[in-house]
Amino acid sequence: MSASPPPSPNNAQVLGQPAKSGNEQVKFRFCGDCSNMLAPKEDRINNKLMYCCRMCQYSEEADSACIFRNNIYNVIGETAGVTQDVGSDPTLPRSNKRCPKCHENEAVFFQSQQRSAETGMKLFYVCCSCGHIFQ
């Protein structure tokens, strides 16, 4: 039998800490009485967002109006999808460019995967011996 943490001052336990970047983080809240997860619910009379337990009658006012956050990161790296075994691909062109890591003289090369107007044509080399990616 495991011991549960003591209830917080408002009788509900909270998982998650505020985000360090200043963005608001959605938190999971749990009932202090029966340990079930609290669900967001609208209090139409008082025009407030509440967190309510679906198993007992416990409810508390939400400290934030945010109940869901979807962060979309749309940054594609220049070498996206490149693995170290790309050096064994027979369809890629080969070069005798010297690897700065292991000093071997065989590498495959390809153009940057990033497609934008401000990005010029960049060639990336992958060492056939150690898999190091360099320009």
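This tour moves through the structure stop by stop, naming what to select and what is found there.

**Before starting**

The model is predicted: local features need pLDDT of at least 70, side-chain atom pairs count only at pLDDT 80 or more, and totals for chains, interfaces and linings use all residues. Residues are numbered from 1 along each chain as its sequence is written, and side-chain values use heavy atoms, with hydrogens and water left out.

**The whole chain**

Along the sequence the pattern reads β-β-β-β-β-β-β-β-β.

Of the 135 residues, 21% are buried, where buried means under 20% relative accessible area, exposed over 50%, and partly exposed in between (1.4 Å probe, protein chains only). Among contacts with a separation of 6 or more, 31% join residues 24 or more positions apart, a contact being heavy atoms within 4.5 Å.

**Strands E3 and E4**

Select residues 39–43 for strand E3 and 48–52 for strand E4. The two pair in the antiparallel sense over five bridges; strands pair if DSSP finds at least two bridges between them. Ala39 has Cys52 in E4 as its bridge partner.

The hairpin of E3 and E4 has four residues between the strands. Select Asn47 in that loop: its phi is near 55 degrees, a positive value in a residue other than glycine. Asn47 is exposed, at 66% relative accessibility.

Then move to Ser35, in the loop between strand E2 (28–31) and strand E3. Ser35 also has a positive phi, near 65 degrees, and is not glycine. With 48% relative accessibility, Ser35 counts as partly exposed.

**The largest nonpolar core**

Select Cys31, Leu38, Tyr51, Cys53, Tyr58 and Ala62, the six residues of the largest nonpolar core. Such a core is a set of buried Ala, Val, Leu, Ile, Met, Phe, Trp, Tyr and Cys residues joined through side-chain atoms within 4.5 Å. In soluble globular proteins, nonpolar side chains tend to be buried together.

Centre the view on Tyr51. Leaving aside residues up to four places away in sequence, Tyr51 touches residues including the core members Leu38, Tyr58 and Ala62. Its other contacts include Arg29, Pro40, Glu60 and Ile67.

The structure holds three aromatic pairs. Rings of Phe, Tyr and Trp (its six-membered ring) pair if their centres lie within 6.5 Å; planes under 30 degrees apart count as stacked, over 60 as edge-to-face and the rest as tilted.

Select Phe109 and Tyr125, a tilted pair at 5.7 Å centre to centre with 45 degrees between the planes. This pair links distant parts of the chain: Phe109 lies in strand E7 (residues 107–111) and Tyr125 in strand E8 (residues 123–127), 16 residues apart. Phe109 is partly exposed at 23% relative accessibility, whereas Tyr125 is buried at 12%.

Phe134 is buried, with a relative accessible area of 8%.
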